[in-house]
Amino acid sequence: MRATISLLLLFLSASSWADTGEQLLQQRCASCHDLQGPAASTLEDLWQRKGPDLFYAGVKYRPQWLRQWLQKPRRIRPAGYLYFQHIKPGEKHDVIDASTLSEHMALSADEARKVTEALMTRKAAPVQVKGDEFGGGSISITFGEMVFDKFNGCMACHEIEPGYGGLSGPEVYTAAKRMQSAYLVSFIRDPQAWNPKTPMPNKHTSELNIQKIVRYFHALAKENWDEK
Ligand code: HEC
Ligand code: HEC
């Protein structure tokens with residue numbers, strides 16, 4: 001009897017422990033995402049990673065977006081996390097090999113809330129991010145697109161609306177909804193400071209143009225893409 005009760009207690013405490021956000025992260029996310037850091041320092045190390053690093057999630061994401069996306073994930077990178085693992089030669093140019101891409105797992109509302117809380121405590125950023133990196137302000141979509149595409153060549157790798165733009169990087173039409181503005185400024189300024197082996201090039205964009213690009217991301221994010 002006593003053994004049964006202690007077993008039961010053990011089971012109860014184990015399952016409630018397993019229910020914390022931290023535990024969910026370790027059990028269900030750690031196989032694909034780095035939760036501890038540091039970022040990959042060699043290409044070999046990068047190649048092993050199955051999803052974006054989450055060890056500085058607390059300075060990168062908007063918690064509201066995280067909670068929603070984890071319940072209803074949709075693809076952010078048309079060609080997967082490491083695009084070069086998901087392309088094959090086509091007739092005219094390389095094409096995405098969709099058979100190698102899989103759907104992201106979804107969490108219940110309760111799990112998503114706990115996991116978001118646990119992720120937002122992760123602030124071990126390799127770069128010091130100042131809250132006021134982004135000065136605010138607005139820009140027209142037309143002028144923003146010119147700065148993003150013509151002046152800085154960013155569209156070669158990023159979609160500015162579904163099905164329009166480059167495929168190797170994450171879509172940017174939801175960037176301001178997904179990520180904190182200060183992170184966006186800091187990452188564009190020096191992607192390799194965040195992730196030494198990231199395929200995102202440092203385009204040496206001027207501070208003024210970085211501000212314009214982040215304003216442009218905000219303008220794009222005003223559209224309700226999820227409903228299109
Ligand atoms: C089988 C591997 C795998 C598992 C398990 C997994 N993920 Fe992911 N995750 C990915 C991949 C691949 C992407 C990139 C998806 C995309 O860009 O469309 C991703 C993207 C994300 C993103 C968006 C990141 C960004 O910067 O774009 C978040 C947040 C995330 N995952 C959180 C989680 C959490 C939390 C868990 C556990 C509950 C989890 N993932 C489990 C593979 C995985
Ligand atoms: C050669 C292709 C390429 C070009 C050109 C490029 N990027 Fe990227 N970009 C990427 C890739 C690939 C990633 C994903 C990096 C990673 O996960 O480490 C990325 C990531 C990003 C991110 C972070 C997005 C996220 O969801 O995590 C932003 C913001 C961004 N790029 C903006 C820009 C801007 C602004 C320019 C022009 C100045 C630009 N990119 C030019 C390939 C490119």
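Biologist: Is H158 buried or exposed?

Modeller: This is a predicted model, where local features need pLDDT of at least 70 and side-chain atom pairs count only at pLDDT 80 or more. Residues are numbered from 1 along each chain as its sequence is written. Buried means under 20% relative accessible area, exposed over 50%, partly exposed in between, with a 1.4 Å probe and protein chains only. H158 has a relative accessible area of 13%, so H158 is buried.

Biologist: Which residues coordinate the iron atom of ligand 2?

Modeller: Donors are N, O and S atoms within 2.8 Å of the metal (3.2 Å for Na, K and Ca), with water not among the atoms, so sites may look incomplete. At 2.0 to 2.1 Å, the iron atom of ligand 2 is coordinated by H158 (NE2) and M200 (SD).

Biologist: What arrangement do the 6 donor atoms around the iron atom of ligand 2 make?

Modeller: Six donors count as octahedral if opposite donors are over 155 degrees apart and all others between 65 and 115. Here the 6 donor atoms subtend angles of 87 to 180 degrees, so the arrangement is octahedral.

Biologist: Which residues coordinate the iron atom of ligand 1, and at what distance?

Modeller: The donors are NE2 of H33 and NE2 of H104. H33 is buried, with a relative accessible area of 15%. H104 is partly exposed, at 37%. H33 (NE2) and H104 (NE2) coordinate this iron atom at 2.0 Å.

Terms used
Chains lettered and ligands numbered in written order. Heavy atoms only, no water. Tetrahedral: all angles 85-135°; square planar, octahedral: opposite > 155°, others 65-115°.
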